[in-house]
Amino acid sequence: MASIWSKVGRVVYGAGRDDVHAMYFEAKHVDTLGFIGDAYRDDIVIEGGCLAAECATLYYPPDADLPVEEQANL
């Protein structure tokens, strides 16, 4: 929401849903980037995958078998 109200002109992100463990995207029906893109502005640029592999190393990988006590957003 802040990116919409503050007139940010560009959002750049690295790792996405397929690059990290599913627990980071538990709200599967919430598409934040789509919401920003569809907001009352048509002048915002959204670019993904910037240094995705490097960014993904900061998170658990998609195939990690994590104990429940280490999982967030439960």
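## Val 30 and its loop

Val 30 sits in the loop that links strand 1 to helix 2; helices (H or I, at least four residues) and strands (E, at least two) are DSSP runs, numbered from the N terminus. With a relative accessible area of 51%, Val 30 is exposed. On this scale, buried means under 20% relative accessible area, exposed over 50%, and partly exposed in between, using a 1.4 Å probe and protein chains only. Arg 17 is 13 residues away from Val 30 along the chain, and their C-alpha atoms are separated by 12 Å.

## About the model

Please keep in mind that this is a predicted model, in which local features need pLDDT of at least 70 and side-chain atom pairs count only at pLDDT 80 or more, while totals for chains, interfaces and linings use all residues. Residues are numbered from 1 along each chain as its sequence is written, and side-chain values use heavy atoms, with hydrogens and water left out.

The mean pLDDT of the chain is 83, and 91% of the residues score at least 70; pLDDT is the predictor's confidence in each residue, from 0 to 100. Where pLDDT is low, the predicted coordinates should not be read in detail.

## A buried histidine

His 21 belongs to the loop between strand 1 (10-12) and helix 2. It counts as buried because its relative accessibility is 10%. Leaving aside neighbours within four places in sequence, His 21 is in contact with Tyr 60, Pro 61, Pro 62, Ala 64, Leu 66 and Gln 71, where contact means heavy atoms within 4.5 Å. For Ala 64 there is a further detail: the His 21 side chain reaches its backbone oxygen at 3.3 Å.

## The salt bridge

A search of the whole structure turns up 1 salt bridge, defined as a side-chain nitrogen of Lys or Arg within 4 Å of a carboxyl oxygen of Asp or Glu. Glu 47 forms a salt bridge with Arg 10, and the closest N and O atoms are 3.1 Å apart. Glu 47 lies in strand 2 (residues 45-47) and Arg 10 in strand 1, so the pair ties together parts that are 37 residues apart in sequence. Glu 47 itself is partly exposed, at 33% relative accessibility.

## A nonpolar surface patch

Met 1, Trp 5 and Phe 35 make up a nonpolar patch on the surface, and together they have about 400 Å² of accessible area. Patches are made of residues with over 30% relative accessible area and no salt bridge, with like charges joined within 9 Å and nonpolar side chains (Val, Leu, Ile, Met, Phe, Trp, Tyr) within 5 Å. The areas come from the Shrake-Rupley method with a 1.4 Å probe, and for residues only the protein chains shown count as cover. Trp 5 is part of helix 1 (residues 2-5) and counts as exposed at 64% relative accessibility.

## Positive phi angles

Lys 7, a residue other than glycine, has a positive phi near 70°. Its place is the loop between helix 1 and strand 1, and at 64% relative accessibility Lys 7 is exposed.

Leu 51, also not a glycine, has a positive phi near 55°. Leu 51 is in the loop between strand 2 and helix 3 and is exposed at 55% relative accessibility.

Note on methods:
Polar contact = N/O pair within 3.5 Å; in protein donor to acceptor, adjacent residues only side chain to side chain.
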